[in-house]
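Hi everyone, thanks for coming.

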Amino acid sequence: MIDARIDRRGLLVAGAGLALAGCGVNDSGGGSKEETEKPIPKKVDGDLVYFNWSEYMDPAVIKGFEKEYGVKVRQSYFDSMSAMMSKLRSGIAYDVIFPTAEYAQRLIQGNQLRKIDRGRLKNADLVYSTFDKPWYDDGSEHTTPYTMYATGLGYRADNVPDMSGSWRDLGEADSGGKTFLLDDFQEGIGMANQVNGHDLNAADDDALSEAKDYLLELKPKLRGFSSDTITTMTSGNANIQHLWNGDIVNIRNQVDNPENFKFQKCKEGIPVGSDTLAIPVKAKHPGTALLFIEWLLRPEIAAQNVAWIGYPMPYESGATESFESLVKDDPSINVTVDDLENGEQFENLGRDDRRAWDRTWTEVKAS
Amino acid sequence: MSQGRFAAGFLVPGALWLVLLFAVPLGIVLAISFGTTDDLGNTLYGWYPENYEQVFDPVFLPVLARSVGFALATVALCLLIGYPVAYYIAIFGGRWKHVLVAMVVLPFFVNYLVRTYAWIAMLGDEGVVNGALGADIKFINTPWAVIGGLVYGYLVFMILPLYAALDRMDPALIEAGKDLYGSPWHTFRNVTLPHTIQGVLAGTVLVFLPAVGDFVAAQLLGGPDSYMVGNLIQQQFFAAENWPFGAALTTVLMAFLFVWMVLYLRSAAREATAE
Amino acid sequence: MKPPKDFDRPRFLKAFTALFFVFLFAPIVLVVLFSFNSSKSLQNFDGFSLRWYEQFFGSESLRDSLAASVQIALVTMVVATIIGTLLAYGLVRSRTRWSGGLNVLMLVPLVTPEIVAGVSALLVFTQVGLQLSLTTIILGHITFSISYVTVVVRARLAALGLDVEEAAMDLGATRLDTFRLITLPAVWPAILASGLLVFALSFDDFVMSFFTTGESPQPLPVRIWSAIRFGVTPTINAIGTFMLAVSVLTIGLAIALPRLLGRRESGVGVLFGREAA
């Protein structure tokens with residue numbers, strides 16, 4: 001019955017696996033440099049295969065595009081950059097994707113994004129000039145910025161009287177023990193670096209060891225780690241939640257007493273980031289994708305989208321005005337060009353630094 | 001036995017499918033567990049057994065211990081709650097027996113996430129329960145919330161085998177037991193329990209093994225000290241993009257669970273030949 | 001089974017079981033109730049409305065997801081029951097060198113953590129170069145479903161015994177005819193019950209689907225997972241209620257169909273391998 005046969009079977013299985021393994025390295029999904037440079041004709045060439053975070057674009061905006069150009073938008077969603085990457089690597093031919101800035105850089109380095117000649121797009125001049133030479137995309141040739149965001153502390157002004165404008169409020173303000181940190185190793189270690197006076201992206205042993213000490217000291221005072229920031233705040237489980245500025249906008253939309261929900265940018269540093277629009281090299285309908293990007297640049301469309309997603313889009317006039325009016329009673333929620341130029345952005349850490357960050361984070365969470 | 005040969009042919013489709021689509025994938029996981037990643041995060045094959053050294057790093061010991069602890073607590077609670085319910089339905093259910101069993105199974109088919117978020121809404125600090133009690137009790141983000149979530153999710157896997165075992169029992173045995181032992185408790189301990197022990201073991205295995213690897217309950221309901229091995233694995237595959245380490249963790253976890261499963265199968269086999 | 005004759009009325013057990021059902025259904029009641037809420041609130045019920053169901057059925061992308069989930073579940077059900085039944089028959093009615101190992105292999109998916117099953121499925125598909133699509137989801141679902149069918153059908157087969165089959169063969173029936181005309185009809189309730197169980201499991205599956213899904217449409221539970229982080233909208237509650245209704249129907253069929261088809265016991269009894277009472 002159950003005896004040595006299992007061992008034999010186990011060996012067979014492992015052997016098969018190893019044999020298959022010998023067949024090839026994981027396909028990185030990249031193309032050649034020429035494939036990325038080929039200009040994209042600006043015309044409809046099929047339905048749009050769209051891959052984005054969930055709830056990150058107004059469905060009406062998508063429907064509008066479908067009507068205007070007579071195409072269908074086939075939508076699927078990811079819930080982390082890693083999930084996006086693994087789906088990309090698995091060979092699915094998406095037409096438009098939304099990588100964060102540092103992942104955009106990775107994709108560009110791997111020759112995985114097509115060149116977008118933004119000059120040919122109408123309203124391209126509305127994009128903030130900061131994005132003409134972004135650090136992650138030299139010459140801004142392969143991406144178009146989609147949104148900007150800043151990380152800070154969301155809090156209940158009616159429950160927490162003593163916020164002091166610092167990251168240290170996480171451990172020191174009187175939140176009745178209802179404080180949450182983002183369950184995100186990048187945001188967690190980055191914040192700890194800023195508290196300790198280091199660069200946001202510091203990855204040397206000293207910085208990480210200090211970060212670990214700070215986080216371990218903070219941990220017992222936390223109620224939990226959560227990236228479900230909207231749920232924690234609207235359910236009343238959180239009085240202080242580490243989150244992104246757009247989340248506060250969405251939270252305020254869902255509660256009966258929005259004036260009690262505020263956003264604090266912290267004096268030690270404001271991690272700032274942007275999400276981008278990009279066309280993968282394997283896209284089968286890049287023309288439609290190009291038209292889609294142009295659609296989003298339209299001031300009235302951008303304005304509509306901003307109002308729905310609650311995050312600022314870095315385009316002048318429509319988008320900017322729309323967000324300003326969204327946050328007019330609490331302008332600190334806004335991310336301005338100033339913040340972008342002076343705030344710190346998450347960089348694309350190399351493999352070893354990234355491992356070191358993750359290792360530190362895991363040790364904090366595991367102990 | 002030629003009927004045996006005829007029937008043996010029937011094994012082929014299932015065997016092929018399971019080997020190709022289950023055993024081989026697990027083999028690939030094993031292969032990747034010895035690999036590494038390049039700078040862009042892609043997985044590369046190779047020979048890096050240090051992934052396994054990392055698994056046994058003492059910093060992860062509490063995580064594994066906690067997972068086993070939570071899973072054991074879940075099993076214990078599932079037994080304490082599930083056995084009386086299964087007993088009532090099997091023995092006193094009468095005509096409604098099948099409906100009652102269906103009702104036990106039913107909630108299981110509402111999407112797990114939707115149910116869990118409903119609990120968060122109910123037990124949140126400003127939720128229904130606290131509102132009704134006029135209190136501010138912290139239910140969510142505690143270890144007990146995680147165990148509660150696990151129990152809620154896996155209870156059905158305990159009740160069903162217990163019900164099956166109890167239902168198969170001959171009522172005459174219980175009557176005889178009552179005559180012999182007098183009190184219900186002694187009857188239970190000396191007659192009912194031994195006769196349903198296979199059901200208890202089956203339920204235990206069906207709850208314990210998946211509970212150890214669960215990640216959703218800890219993520220949604222847990223506090224800062226609720227990190228389980230399933231979360232650790234998930235972190236490696238999703239955030240850290242360290243698939244080899246994740247694969248190594250997975251392999252060790254499965255080996256650990258496999259040992260228990262084999263022990264259970266041995267006991268079930270012995271029981272079957274004894275009957 | 002009738003309760004033993006001189007048992008006390010089980011007051012405690014009855015109360016305990018009732019309390020158990022209250023806790024079991026509490027969140028379900030909440031979900032159903034608030035799916036009909038006319039406002040967005042999850043705390044106050046502001047009146048009855050079907051607007052969230054309109055949103056659900058009015059969204060083409062959600063409808064596509066629903067259709068995908070149904071399609072996946074149906075195909076999974078059919079294929080898994082066929083393969084699982086054949087496997088059960090082979091395991092019970094034959095004894096080969098491989099039977100022991102195959103038995104273990106068949107049981108392992110039942111206790112494999114879902115994240116492991118999902119990741120390994122994704123790995124094998126990407127290694128082999130198979131495009132992720134509805135097909136890959138179906139392949140993944142079938143893999144974890146076969147075991148449920150085999151376990152249920154096997155219990156039924158074992159309880160049936162060889163007598164009738166041997167009698168048929170003594171009377172000159174071929175092995176194939178015996179299987180077709182004697183065995184199959186006798187285990188049919190078990191096949192049906194396990195098939196419906198597989199349907200329900202597939203329809204609600206999230207983890208395996210998440211790893212093996214291609215571009216759109218994504219199955220419903222995957223959609224819920226992505227969306228639920230942004231707050232539970234009443235539309236999600238409407239989706240949950242709808243899935244509940246589908247499952248009620250499925251289980252209702254599982255219980256009623258064998259009875260309607262002239263068997264004396266219901267599907268639930270069959271699920272646990274008892275002989276017809």
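Start with chains A and B: 43 residues of chain B are in contact with 38 residues of chain A. Which element of chain B gives the largest share of that side? The answer is α2(B), with seven residues. Other elements join in, and those supplying at least two residues each include β2 (43–44), α6 (112–123) and α14 (243–274) of chain B. Sorted by class, this side of chain B has 25 nonpolar, twelve polar and six charged residues.

Now turn to where chain B meets chain C. Here the contact takes 70 residues from chain B and 74 residues from chain C. Helix α2 (residues 11–33) of chain B turns up again, giving the largest share of chain B's side with 15 residues. As for the classes, that side of chain B divides into 56 nonpolar, nine polar and five charged residues.

While we are on chain B, let's get a sense of the chain itself. How many helices and strands does it have? Its secondary structure comes to 14 helices and two strands. The C-alpha atoms of chain B fill a box of roughly 75 × 75 × 35 Å along the principal axes. Of the 275 residues in chain B, 57% are buried. And if you take the contacts in chain B between residues at least 6 apart in sequence, 67% join residues at least 24 apart.

How confident is the prediction here? The mean pLDDT of chain B is 84, with 96% of its residues at 70 or more. Confidence in chain B is lowest in helix α1 (residues 2–9), at a mean of 74, and highest in helix α4 (residues 61–92), at 92.

Helix α10 (residues 220–228) of chain C is mostly covered, with nine of its nine residues buried. Among them are C:Arg223, C:Trp225 and C:Ser226.

Let's move to chain A, and again begin with confidence. Chain A has a mean pLDDT of 85, and 92% of its residues reach 70 or more. Where in chain A is the mean lowest among the elements? That is helix α1 (residues 4–22) of chain A, at 42, while strand β3 (residues 96–97) of chain A has the highest, at 96. Over residues 1–28 of chain A, pLDDT stays under 50.

Chain A is divided into two domains: domain 1 (33–148 + 273–345) and domain 2 (151–271 + 347–366). Their C-alpha centres lie 27 Å apart. Between them, 17 residues of domain 1 of chain A are in contact with 14 residues of domain 2 of chain A. On the domain 1 side, α5(A) gives the largest share, three residues. That side divides into six nonpolar, six polar and five charged residues.

Next, find a pair of helices in chain A. The axes of helix α7 (residues 185–195) and helix α15 (residues 351–366) of chain A come within 10 Å and cross at roughly 90°. That makes α7(A) roughly perpendicular to α15(A). Where they meet, A:Phe185, A:Gly188 and A:Ile189 in α7(A) face A:Trp357, A:Asp358, A:Thr360 and A:Trp361 in α15(A).

Now look at helix α12 (residues 299–309) of chain A, whose buried residues include A:Ile301, A:Asn305 and A:Ile309. What do the buried residues of α12(A) pack against? They pack against α3 (59–69), α10 (245–254), α11 (286–297) and α13 (318–326) of chain A. Just after α12(A), A:Gly310 takes a positive phi of about 80°.

One last detail, about backbone angles. Most residues other than glycine have a negative phi. A:Ser317, in the loop between α12 and α13 of chain A, has a positive phi of about 55° although it is not a glycine. A:Ser317 counts as partly exposed because it has 13 C-beta neighbours inside 10 Å. A:Ser140 also has a positive phi, near 50°, and sits in the loop between α5 and β4 (143–156) of chain A. With 19 C-beta neighbours inside 10 Å, A:Ser140 counts as partly exposed.

Methods: Residues numbered from 1 in each chain as written. Chains lettered and ligands numbered in written order. Predicted model: local features only at pLDDT ≥ 70, side-chain atom pairs only at ≥ 80, totals over all residues. Contact = placed C-beta atoms within 7 Å. Helix = DSSP H or I, 4+ residues; strand = E, 2+ residues; numbered from the N terminus. Nonpolar A, V, L, I, M, F, W, Y, C, P; charged D, E, K, R; others polar. Domains from an automatic or database assignment. pLDDT = per-residue confidence, 0-100. Axes fitted to C-alpha atoms, helices over the stretch in contact; angles between N-to-C directions. Parallel < 35°, antiparallel > 145°, perpendicular 65-115°, else oblique. Buried ≥ 20, exposed ≤ 12 C-beta atoms within 10 Å, placed from the backbone.
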